[in-house]
Amino acid sequence: MILDVSFPSPKLLFLRRMSHKKVRVRFAPSPTGGLHLGGVRTVLFNYLFARHHGGEFVLRIEDTDQTRYVPGAEEYIIECLRWCGLDADEGPHKGGPYGPYRQSERKALYRQYAEQLVASGHAYYAFDTPEELEAMRELEKSRGNHSPQYNQRIRRTMHNSLTLEAAEVKALLDKGTPHVIRIKMPEHAEVRFTDMIRGEVSFQTDIVDDKVLLKADGMPTYHLAVVVDDYLMKITHAFRGEEWLPSAPVHILLWKYLGWESSMPEWAHLPLILKPDGNGKLSKRDGDRLGFPVYAMNWLDPKTNELTQGFRERGFLPEAFVNMLAMLGWNDGSGQELFSLDELVQKFSIERVHKGGAKFDYEKAKWFNHQYIVKKDDAALATLFQPVLEEKGLHPDPAYTARIAGLVKERCHFVNEIWDHGFFFFTRPEKYDTDAVKPKWTAEKQAFFETWTAALNDLEDFTFHTLEEHFKQLAVEKNIKPGELQLPFRIMLCGGKFGPPVFVIAETLGKKETLERIKLGLAAIQA
RNA sequence: GCCGCGUUGGUCAAUCGGCUAAGACGCCUCCCUUUCACGGAGGAAUGACGGGUUCGACUCCCGUACGCGGUACCA
């Protein structure tokens with residue numbers, strides 16, 4: 001017999017549309033380490049969806065596995081959200097009407113629901129010890145069962161309230177025997193639901209096992225906790241990674257068995273972010289291997305003391321990081337790629353999220369950052385660049401730094417590259433690329449610079465335009481092609497073949513410094 | 001193995017049955033600039049495969065292949 005369990009039913013869909021419930025979404029990470037790029041994107045999509053619909057965004061910490069708890073990870077996640085500008089409306093850091101927002105602090109809540117399921121016949125107690133489970137798996141494997149599951153067949157052979165006499169179960173329970181509560185998957189049924197991204201998805205219940213709902217330590221597993229908390233926190237739309245799709249039928253059945261079917265959120269399983277080379281989920285390892293960050297911010301593992309670099313510390317602007325992430329799996333169809341957060345909020349729609357995974361392209365990420373650096377105003381850039389200067393013991397006037405930032409930002413992918421492209425504005429060159437000049441150096445050129453230096457002393461209008469005119473005019477008089485003199489001039493001012501237009505550099509440096517550098521440069525060329 | 005989900009250039013991707021298949025990143029050539037970048041003009045490069053359905057299929061259906069995910073008292 002095929003029992004068709006289809007959610008949500010057309011009637012429910014209708015009722016839901018009529019009710020206009022306030023949109024509530026949540027990001028529910030487990031605090032086990034650094035926050036992965038994919039995690040931030042899940043946050044982003046949650047945030048955008050919530051804001052777009054005038055709803056609320058909740059941060060919930062899923063710390064049900066006490067063995068995997070990592071100190072500092074929760075604070076780290078909160079700081080990542082803050083940095084990205086995607087802070088939650090409710091969460092452990094700011095409270096809210098549906099708290100507590102840490103599952104470890106909600107522990108007492110879950111047991112009653114698990115018991116309720118046992119009472120209604122949808123779940124059962126299981127007393128099997130880890131050793132017994134292991135033995136079962138070994139036996140099954142030896143029989144050629146590739147991945148042994150605690151399923152409809154196996155549960156009949158195990159130590160649980162389905163196989164034991166009621167009195168015996170009661171005795172075991174009274175004695176405080178360690179046990180878990182497992183869901184009793186229905187036989188020969190089909191669970192079907194509509195995913196906002198994938199459309200209709202269906203599963204046969206026969207192939208999914210009796211997942212543990214409540215662990216022996218009294219903590220719920222993800223399966224129970226996510227359903228109970230989404231219900232209690234009135235979540236209307238649940239976004240999560242594609243890796244959760246296979247366990248969706250368990251969650252959906254739980255919503256039904258708990259009697260909450262009419263409040264079940266709509267589901268959206270987001271595509272994965274893949275590694276650039278080869279296939280598979282992008283991992284921290286890939287970043288280390290290929291030389292780019294994977295975590296949002298620096299993460300110092302308290303256990304190993306290993307530091308993993310993040311996008312923030314690498315020099316990414318949060319706006320760029322967020323924009324880049326948004327385009328990994330979503331677009332508005334217009335071809336536009338640069339969006340402010342407000343624009344994203346306005347234009348985001350879950351229907352336009354891709355089904356397939358996207359390979360992460362670091363070059364494209366850099367391009368996004370470059371775009372935002374160019375866009376950013378010079379003073380703000382200068383502020384961000386300030387620490388780099390201070391680290392070098394330099395304390396220039398902020399207005400000057402801003403001017404330099406404006407001059408060189410077009411050639412920077414990262415804020416700290418302002419130094420690489422404009423260090424000579426802050427300090428005299430220590431070495432000169434004389435190889436670029438010497439081979440074609442002549443006495444005439446030498447004379448030109450000597451004459452020009454003298455003339456410069458009397459030049460009142462020390463602006464790039466006048467300088468250029470003056471320079472070229474003199475070159476013509478001396479019968480030298482102006483172009484042949486510009487490179488040497490550049491080398492004298494910067495030390496090498498880089499930087500903004502050379503007369504702009506001279507103007508920015510000012511007359512005194514320019515003259516000084518010509519003198520120094522000339523000496524270096526002759527040396 | 002089983003189950004699920006995917007599959008348009010190297011990468012991100014548009015297309016919702018009419019395609020001579022957009023755009024962006026990257027790459028290459030040229031122009032601008034005797035630095036680099038920006039900017040501009042070009043270029044190479046794409047529908048996994050096989051069957052249907054249809055006047056017409058990248059688009060719909062079915063297989064196959066490939067990839068990924070899941071298969072824990074982890075999330």
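Leaving aside its neighbours within four places in sequence, which residues is Arg106 in contact with? The legends below answer this and look at other parts of this predicted model.

**Figure 1. Arg106 and its contacts in a loop.** Arg106 lies in the loop between H3 and helix H4 (107-119). With neighbours within four places in sequence set aside, Arg106 is in contact with Tyr98, Gly99, Pro100, Asp229, Leu232 and Met233. Is Arg106 buried or exposed? Its relative accessible area is 4%, so Arg106 is buried. The cut-off for buried is under 20%.

**Figure 2. Val58 in strand E3.** Find Val58 in strand E3. Val58 has 0% relative accessibility and therefore counts as buried. What is in contact with Val58, leaving aside its neighbours within four places in sequence? The list is Arg24, Val25, Arg26, Phe27, Ala88, Glu90, Tyr101 and Met233. Met233 is also among the contacts of Arg106. Now look at Tyr47. Val58 and Tyr47 are 11 residues apart in sequence. In space, their C-alpha atoms are 9.1 Å apart.

**Figure 3. Asn160 in a loop between two helices.** Asn160 sits in the loop between helix H5 (130-142) and helix H6 (166-174). The relative accessibility of Asn160 is 0%, so this residue counts as buried. Which residues does Asn160 touch, not counting those up to four places away in sequence? They are Tyr124, Tyr125, Ala126, Phe127, Tyr150 and Arg155.

**Figure 4. The largest nonpolar core.** This core has 62 residues. Which of them touch the most other members? They are Phe321, Met324, Ile350 and Phe360. Several elements each supply at least two residues of the core, among them strand E2 (24-27), strand E3 (56-59) and strand E10 (266-270). The largest share, 9 residues, comes from H2. In soluble globular proteins, nonpolar side chains tend to be buried together.

**Figure 5. Helix H17 and its buried side.** Helix H17 runs over residues 443-456. Its 14 residues, at 1.5 Å a residue, should span 20 Å. The end C-alpha atoms are 20 Å apart, which agrees. Which residues of H17 are buried? They are Lys445, Gln446, Phe448, Phe449, Trp452, Thr453 and Leu456. Why do they count as being on the same side of H17? They cover an arc of only 155 degrees around the axis, so they share the same side. Ala443 and Glu444, on the other side of H17, are exposed. What covers the buried residues of H17 includes helix H18 (464-477), helix H19 (482-494) and helix H21 (511-526).

**Figure 6. Chain A as the setting for the close-ups.** Chain A has 21 helices and 14 strands. Its C-alpha atoms fill a box of roughly 110 × 50 × 40 Å along the principal axes. A compact globule of 527 residues would have a radius of gyration near 24 Å, but chain A has 33 Å. Of the 527 residues, 51% count as buried. Take the contacts between residues at least 6 apart in sequence: 72% join residues at least 24 apart. The accessible surface of chain A comes to about 24400 Å². Carbon and sulfur atoms account for 53% of that surface.

Notes
Residues numbered from 1 in each chain as written. Chains lettered and ligands numbered in written order. Predicted model: local features only at pLDDT ≥ 70, side-chain atom pairs only at ≥ 80, totals over all residues. Heavy atoms only, no water. Helix = DSSP H or I, 4+ residues; strand = E, 2+ residues; numbered from the N terminus. Expected span 1.5 Å × (residues − 1). Buried < 20%, exposed > 50% of the residue type's maximum accessible area, 1.4 Å probe, protein only. Arc of directions from axis to C-beta. Contact = heavy atoms within 4.5 Å. Rg over C-alpha atoms; globule rule 2.2 N^0.38 Å. Areas by Shrake-Rupley, 256 points an atom, 1.4 Å probe, with all protein chains shown as cover. Core = buried A, V, L, I, M, F, W, Y, C linked by side-chain atoms within 4.5 Å.
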